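Reader: I have a model open on my screen and would like to walk through it with you. Could we take it one question at a time?

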Amino acid sequence: PLAGTESNSFLSRRNLLFLLGIGLAEASMSMPMVQIPVYLRELGASITDIGFFFTVSMLFPILVRVFGGWLADVIGQLRVILLGSLTGVLTFAVYALAPSWQAALLGPALLAITMALTFPAFYSYVAERSQEGTRGRAFGIAQTVRNLAWVVSPPLGGILGQAFGYRVMFVAASAIFNDRATIGENIA
């Protein structure tokens, strides 16, 4: 449906579910992100290895970013967001199961795919389902949900990682992404 066909407000039931799903996805991504260097140290990585890990991690998004926008145009935003959510489940499962820091490098590659699929589809979904006169407000609401997740979730990830171990934290992130995928199925 195009803008204005669901309701006069961006905050329809369907869009609220969408925002909840985006909030969960962002929470699951942000919760472990600041803990990854500490986790890599636990896996035996040196400071130089961690620098290498993050340098290589920055290459993955460059390789896949355009693909996500194209795929969203071909098969639809919600399907692409669902695929990205499923990739997100795998991302943090890889981190949780990684026997070494080198094996954990598959995590950023999968996260790059997740972000390449979800971000362009996220923005186009908001643009299509908001009315021209309230589009700025719709984007503001959507960005607030994303930013709130990035403020609240990292401390929760730290608490989980310190209390129960970093593998448990990654399993929790994977489970949250799974919940996001379930919400996506309900919207689609």
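Reader: What is the handedness of the crossing where α4 passes α5?
Author: Happy to start there, keeping in mind that this is a predicted model. Helix α4 covers residues 77-97 and helix α5 covers residues 106-128. Where α4 passes α5, the crossing is left-handed.

Reader: Are α4 and α5 roughly parallel or roughly antiparallel to each other?
Author: The axes of the two helices lie 8 Å apart, and the packing angle is about 155°. Angles over 145 degrees count as roughly antiparallel. The pair α4 and α5 is therefore roughly antiparallel.

Reader: How many nonpolar residues does the contact of α4 with α5 have?
Author: Sorting the contact by class gives 10 polar residues and one charged residue. The remaining class in the contact of α4 with α5 is nonpolar, with 17 residues.

Reader: Let's turn to the rings. Which kind of aromatic pair do Phe67 and Trp70 form?
Author: The structure holds 12 aromatic pairs. In the one formed by Phe67 and Trp70, the centres are 5.8 Å apart and the planes make an angle of 35°. Planes under 30 degrees apart would count as stacked and those over 60 as edge-to-face, so this pair is tilted.

Reader: Why are Phe67 and Trp70 separated by about one helical turn?
Author: Both residues belong to helix α3, which spans residues 47-75. The separation is about one turn because, within α3, Phe67 and Trp70 are three residues apart.

Reader: Is Phe67 buried or partly exposed?
Author: Its relative accessibility is 44%. Buried would need a value under 20%, and exposed one over 50%. Phe67 therefore counts as partly exposed.

Reader: Which residue lies over the face of Phe119?
Author: Here a charged side chain meets a ring. The distance from the centre of the Phe119 ring is 4.5 Å, and the residue over its face is Arg146.

Reader: Is Asn15 buried or exposed?
Author: Asn15 is found in helix α1, residues 13-33. The relative accessibility of Asn15 is 1%, and the cut-off for buried is under 20%. Asn15 therefore counts as buried.

Definitions and conventions:
Residues numbered from 1 in each chain as written. Predicted model: local features only at pLDDT ≥ 70, side-chain atom pairs only at ≥ 80, totals over all residues. Heavy atoms only, no water. Phe/Tyr/Trp six-rings, centres within 6.5 Å; stacked < 30°, edge-to-face > 60°. Helix = DSSP H or I, 4+ residues; strand = E, 2+ residues; numbered from the N terminus. Buried < 20%, exposed > 50% of the residue type's maximum accessible area, 1.4 Å probe, protein only. Lys NZ or Arg CZ within 6 Å of the ring centre and 35° of its normal. Axes fitted to C-alpha atoms, helices over the stretch in contact; angles between N-to-C directions. Parallel < 35°, antiparallel > 145°, perpendicular 65-115°, else oblique. Left-handed = near helix turned anticlockwise from the far one by under 90°. Nonpolar A, V, L, I, M, F, W, Y, C, P; charged D, E, K, R; others polar.
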